[in-house]
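Have the viewer open as you read.

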Amino acid sequence: MESSLSEGSCESPYSSDALSRSIESGLSQSPSGSPHCCDAPFCSIGIHPWDLTAENSERLCDVLQRELERRKSENRPCVAIGEAGLDKLAAAPMELQVKIFERQVALSEDCRLPLIIHCVKAVDELLAVKKRLAPLQAWIWHGFRGKAQQASQLLRHGFYLSLGEHYSQEAMRAIPASRLFLETDESALDISDIIRRAAEVRGVDAECLQETLRENVQKVFFKR
């Protein structure tokens, strides 16, 4: 079935895999054909550029707003907005992508929630939005695979970077521990294996890195 919004869950706020679980696309369609969200205790929800069209953009924005309000009223608020972002390989025109992305940035700011970013070949456009809107909430770049130079550029602009199974080792070593997340999205590996591999690349103890990741999750996603 077609998925209209992106949503995913994380089992525990103290799990070092909380970021990856929060960005897995998990929204399905109900039998009636209307989007609905899972009942996970912690989740993110957002409009992914892959699912965006001129015909459905307003409906998706309405659904996103309603789902945020529903979970808040049930005392199970979302811990992030996203995935949201810009993708030059997606079918939706960039002008529409930017418009809907900016609305999600506004939601992130209004709800005081971090924003999980999906970005493909649109770094300049993304940074232009960030500069124009000057958001206060954390932006987490999901699935970062860029080189160390791009990592440094994004870090200067205040991003957190989330890396999975595949990445530049030079980039992995360039990211301060306080700005790092690890994820299992698009990987069959367990998060413990991702952490162990990252620790080897960074030349640190795996348990220490896992504790740092837990602290990052707590600081960014459960700060209230």
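## Ground rules

A residue is called buried when its relative accessible area is under 20%, exposed when over 50%, and partly exposed in between, using a 1.4 Å probe and protein chains only. At 5% relative accessibility, Trp 141 therefore counts as buried.

Please keep in mind that this is a predicted model, in which local features need pLDDT of at least 70 and side-chain atom pairs count only at pLDDT 80 or more, while totals for chains, interfaces and linings use all residues. Residues are numbered from 1 along each chain as its sequence is written, and side-chain values use heavy atoms, leaving out hydrogens and water.

## Rings around Phe 159

Rings of Phe, Tyr and Trp (its six-membered ring) pair if their centres lie within 6.5 Å; planes under 30 degrees apart are stacked, over 60 edge-to-face, and the rest tilted. The count by this rule is 7 aromatic pairs. One of them is the edge-to-face pair of Trp 139 and Phe 159, with 5.8 Å centre to centre and 75° between the planes. Trp 139 belongs to strand β7 (residues 139-141) and Phe 159 to the loop between α5 (148-156) and β8 (160-163), so this pair ties together parts 20 residues apart in sequence. Those labels are DSSP runs numbered from the N terminus: helices (H or I) of at least four residues and strands (E) of at least two.

Trp 141 and Phe 159 also form an edge-to-face pair, at 5.9 Å centre to centre and 70° between the planes. Phe 159 counts as buried because its relative accessibility is 0%. Ring pairs link Phe 101, Trp 139, Trp 141, Phe 144 and Phe 159 into a cluster.

## A buried glutamine

Where does Gln 137 lie? You will find Gln 137 in the loop between α4 (123-133) and β7. With a relative accessible area of 12%, Gln 137 is buried. Its side chain joins that of Lys 223 in a polar contact of 3.4 Å; such a contact is a pair of N or O atoms within 3.5 Å, where within protein one must be able to donate a hydrogen and the other to accept it, and residues adjacent in sequence count only if both atoms are side-chain atoms.

## Nonpolar cores

A nonpolar core is a set of buried Ala, Val, Leu, Ile, Met, Phe, Trp, Tyr and Cys residues joined through side-chain atoms within 4.5 Å. The largest has 51 residues, and Phe 101, Leu 161 and Leu 182 have the most contacts inside it. Apart from that core lies another, of 12 residues, including Tyr 160, Phe 181, Val 220 and Phe 222.
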